[in-house]
Amino acid sequence: MFYREAGDFKVSYQEDSQTFPIKFDRIRYYAVMAFAFLVIPFFINDYWANAILLPFLIYSIAAIGLNILVGYCGQVSLGTGGFMAVGAYACYKLMTAFPEVSMFIHVLLAGGITALVCVAFGLPSLRIKGFYLAVATLAAQFFLVWLFNRVPWFYNYSASGQINAPERDVFGIIITGPNAPAWATYMFSLIFLTFCALVARNLTRGTVGRSWMAIRDMDIAAEIIGVNPLKAKLSAFGVSGFFIGISGALFFAVYLGAVEVGEAFGINKSFLVLFMVILGGLGSIFGSFAGAAFLVLLPVILKVVGVDVLGWPTDIVAHFQLVIVGALIIVFLIAEPHGMAQLWRVAKEKLRLWPFPH
Amino acid sequence: MKLKLTTLALGAAMAAGPAMADLVFPSLSYRTGPYAAGGIPFADGYADYFTLVNERDGGIGGVKARVIECETGYNTEKGVECYESTKGEGALIYQPLSTGITYQLIPKVTADGIPLHTMGYGRTSAANGKVFSNVFNYPANYWDGASGVINYLLEANDGDLNGKKISLLFHNSAYGKEPIRTLEELSKKHGFTLSTLPVDHPGQEQKSQWLQIRRDRPDFVIMWGWGVMNQVAIQEAANIRYPMENFIGVWWSGAEHDVMPAGEKADGYKAVTFHGVGRDFPVFDDIQTHVVDKGLAAGAGDQIGNVLYNRGMYAAMLAVEAAKTAQEIHGTADITPAMMRDGMEALEMPEARMSALGMPLFGPAFNVSCENHGGPGLVGMTQWDASAKEWTLISDFAQSDRDVIQPLIDEDSAAYAAENNIEQRCN
């Protein structure tokens, strides 16, 4: 009834090719943006920022980055944790070397450095694909973690090998360190997420995205119709690395504040982000958000319900978390192999015909 | 998603009901994951002592203590979540039992004005109270532990370690790397050669490290392990027939569950400690009557008297005594985290006080001051008796080599102060 193309007349090419062609979608999108930018910052407290919203925003960026590589370009990667570590350590080195420079620039530069590293580790993808590429990126994961543990220069020769985020600001507002207000860290991450999501959405709708998808669907056919696999694959690695680097930098500097590479950026992190992408939906920006929300929020909700509301022992709740999250993953993969994004797509199709489905 | 968030908010609001006139002691425990074997007894001991104080004495200065347990799984992200969710309840003190989480919490607690007590773990240079206002690591720290091991070896070798080979087998994390600097300094001072062997998390795979040890034949092996790494290391040492009496662990590598799997072969394994072991203290009778017999014991109730149970109980005891000191200083029973911090800084633990609590000679006597948040650093040595299945204290609590440690503490804390623009206190 209200969710349909009919009656929404486009009079220019720009209007015709906009991101949300349906009016209801546009309004919903603006409403969510307004809520995120204008309402949440006034009500946020430390708990909401540090336990729920920051991890959600940061994992969303990582999931978008990995989705570009795996979902859009079809290159399986298990190196996400290692690439996030590159972003974190690059950000740390920049923060300590140039304290007077704005955090925005540090985070963007950290993303750029990660993009270069990611492209370097993406080179084997020109020769190998599928499981073999997964093994090559797994090597990147272990190599990078080992490197940051082994070479003291990366952690400024501190006794424990930990890196700690010193206090840095943007236009006088403290963003990192313990004195940063909750709304500032939230806004900082939100701006990066919005930027990444917009860039990713528009890249995937344009020429670059189409060449990625051509490579994903059948690389030989893509090559025959004139897609350069070198350019397509390496650009996917580069863009993906840029986003993952940003998420790693934010993860360290804004969210945790202190990081130990083996613990924070281990192989578990790679799998976690990959699960987000698979559960949310391969090849979908919305899916990245849905996957990140699912895997960040569900454990917290289960904990709140189990420990605080029902008063169960903490260890039983922790075990239940594993069981329930695991079971839900299996259920989702069986019921909807294309992820939560597909559920959303089906819902939209239904909504178009509602209330007269025939 | 918005709906989910609102329901969550409602749930959190309902859960955080009125909590007036309680002294809140959060316990960031881990009863799951690869480090649970160490986390469970510590958390049980911590909780049981507060139960004992509530049941026997009616609370601390008449105010009941409330322990909020939050599962971290030794994971820093969950640790942050636990910290944020409990600090609003008026948490008086944090004891995360994880060096990784400690590093994360040091700046946060300092900003929030809540004290952090990292007993025998965490950031060693936090012993310098001039820089770390809200962090305490009395009665002993990692570097005391490292020095304690070397002092013990010196004594056993007639004061001469010249030309000896010592290997450090360590958990490849912030925790395991802590003692390296001290051991390097000590190796220069005493002329032994030090080689370091990192073991990656979680530590189940140590074949190559023990092959290295078998090839190098070091005179002594020191271990900085935690969780499943300890059992595997002791088993591997037994497999290559490394003499157990030359194998010494830090206090996190010396509990019953670490040596039990190797059975008889673990006999003679040693570990340093900073508190008493065993059940031979009057306080355990009180725990039996007031906690266990009433069915109030935490967890499964099967850990009482274990090394790490005792350590958790000791940590709780020091927290209770600091709270009492704070109540005396400020003349109110309902103390705030800032008052608790003052209480910790003024804490005095003479032998008479411990005896009165039913823990005679349980730990070293010490005083905390504004400058020194680390206590005196008295370290003892324990040894495992596999036939009797018990740890015994085989030395007195002896002074660590503060001539080596103090400059290192000053250097590291000065670096932290410079990095974070902290002005020195206590002047």
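Let's begin at Asn421(B), which sits in the segment after helix H15 (402–420) of chain B. Bear in mind as you look around that this is a predicted model.

**Positive phi angles**

- Most residues other than glycine have a negative phi.
- Asn421(B) is not a glycine, yet its phi is positive, near 55°.
- With 8 other C-beta atoms within 10 Å, Asn421(B) counts as exposed, because the cut-off for that class is 12 or fewer.
- Phe171(A) is another non-glycine residue with a positive phi, here near 50°.
- You can find Phe171(A) in the loop between strand S2 (169–170) and strand S3 (173–174) of chain A.
- Phe171(A) is exposed, as 8 other C-beta atoms lie within 10 Å.

**Cis peptide bonds**

- Most peptide bonds are trans.
- In chain A, Trp354(A) and Pro355(A) are joined by a cis peptide bond, with omega about 0°.
- Pro355(A) belongs to the segment after helix H15 (340–353) of chain A.
- In chain B, the bond from Tyr138(B) to Pro139(B) is cis, and its omega is near 0°.
- Pro139(B) lies in the loop between strand S4 (135–136) and helix H5 (142–156) of chain B.

**Where chain B touches chain A**

- The two chains meet through 37 residues of chain B and 35 residues of chain A.
- On the chain B side, the elements that give two or more residues are helix H1 (2–15), strand S2 (65–71), helix H3 (76–87), helix H4 (99–112), helix H6 (174–177) and H15 of chain B.
- H4(B) gives the most to this side, with seven residues.
- By residue class, the chain B side of the contact divides into 10 nonpolar, 14 polar and 13 charged residues.

**Chain A as a whole**

- Chain A is built with 15 helices and four strands.
- Its radius of gyration is 21 Å, which agrees with the value near 21 Å for a compact globule of 358 residues.
- Taken along the principal axes, the C-alpha atoms of chain A fill a box of roughly 70 × 55 × 45 Å.
- Buried residues account for 47% of the 358 residues in chain A.
- Of the contacts in chain A between residues at least 6 apart in sequence, 76% join residues at least 24 apart.

Definitions and conventions. Residues numbered from 1 in each chain as written. Chains lettered and ligands numbered in written order. Predicted model: local features only at pLDDT ≥ 70, side-chain atom pairs only at ≥ 80, totals over all residues. Buried ≥ 20, exposed ≤ 12 C-beta atoms within 10 Å, placed from the backbone. Contact = placed C-beta atoms within 7 Å. Nonpolar A, V, L, I, M, F, W, Y, C, P; charged D, E, K, R; others polar. Rg over C-alpha atoms; globule rule 2.2 N^0.38 Å.
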